[in-house]
Amino acid sequence: MKLEDIDKSRVPQHVAIIMDGNGRWAQKQAHKRIFGHQNAMTAVRQAVEAAVASGVKYLTLYTFSTENWNRPQDEIDGLMELLIKAVRDETKTLMDNNVKLETIGETERIPERSRKKLQECIEQTSGNTALTLVLALSYSARWETAMALKSICKEVAEGHLSDKDITEDTLHNYLATKNYPDPDLLIRTGGELRISNFLLWQMAYTEFYFSEQLWPDFRHEDFYDAIVDFQRRQRRFGKTGDQVSGK
């Protein structure tokens, strides 16, 4: 698909992506897994550019999960160094495309050098308005939910919140994503058919799009394919098709 194939009046406001397939991409070329991660930045750049061109307002990338801390230490070290390089190299691209960078997750676990580079980029891009790019770093949905519940319990214990007043909106306001709308569309590359502990609460009504493309090969056209596929669907949110269409 091309950008011209997209109906700009029905673009998803928030797209989330599980960027899967880096390791398999590298192994197919007889390289170590880190080689796949190193070659994934082109795909990230193209996804960001395609999101801006399409009119998407929020793009959340599942960059590093809490479970990823269990990977071999040399791979973790390589990913953290790659994060520093990526932020340093891509800040100009973010500025050129009017993109604001933000993060969600247990980022205090990330090495200080990486956190410092991230914070510099966050501050430098804070005034940009075309797209908010959210990196889910040291993130998992179960971690996020546990942290939200702990905060709510603390508020109840201290008398700042009544248990009778707790609603779905209450929980939403304690999540890491409280400042963002729920994703309209999830894209997962690599051919896997699961959501891997990513934005579980937020994706109650998200449309899923699974691509066989390994992430390092993901390009503008692949992003546009997902948007057009999304636009072919009828989002009912529990209503009937006739109710949505106004019949």
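Analyst: Strands are DSSP runs of E with at least two residues, numbered from the N terminus. The model discussed here is predicted.

User: Which strands lie at the edges of the open sheet?
Analyst: The open sheet has six strands with parallel pairing, in the order S3-S4-S2-S1-S5-S6. An edge strand pairs on one side only. The edge strands are therefore S3 (99-104) and S6 (207-210).

User: Which residue in S4 stands opposite Ile104?
Analyst: Strand S4 covers residues 131-139. It runs parallel to S3, and six bridges join the two strands. Opposite Ile104, the residue in S4 is Ala136.

User: Is Leu199 buried or exposed?
Analyst: Leu199 is in the loop between S5 and S6. Its phi is positive, about 50°, although Leu199 is not a glycine. Buried means under 20% relative accessible area. Because its relative accessible area is 2%, Leu199 counts as buried.

User: How does Ser196 count in terms of accessibility?
Analyst: Ser196 is found in the loop between S5 (185-188) and S6. Ser196 is not a glycine, yet has a positive phi of about 50°. Since its relative accessibility is 30%, Ser196 counts as partly exposed.

User: How many residues make up the second, separate core?
Analyst: The largest nonpolar core has 46 residues, and Ile17 is one of those that touch the most other members. Beyond its neighbours within four places in sequence, Ile17 is in contact with residues including Leu59, Trp215 and Phe223. A second, separate core includes Ala16, Ile18, Tyr139 and Met203, and its size is 15 residues.

Key. Residues are numbered from 1 along each chain as its sequence is written. This is a predicted model: local features need pLDDT of at least 70, side-chain atom pairs count only at pLDDT 80 or more; totals for chains, interfaces and linings use all residues. Side-chain values use heavy atoms; hydrogens and water are left out. A nonpolar core is a set of buried Ala, Val, Leu, Ile, Met, Phe, Trp, Tyr and Cys residues joined through side-chain atoms within 4.5 Å. Buried means under 20% relative accessible area, exposed over 50%, partly exposed in between (1.4 Å probe, protein chains only). Contact means heavy atoms within 4.5 Å. Two strands pair if DSSP finds at least two bridges between them. Helices (H or I, at least four residues) and strands (E, at least two) are DSSP runs, numbered from the N terminus.
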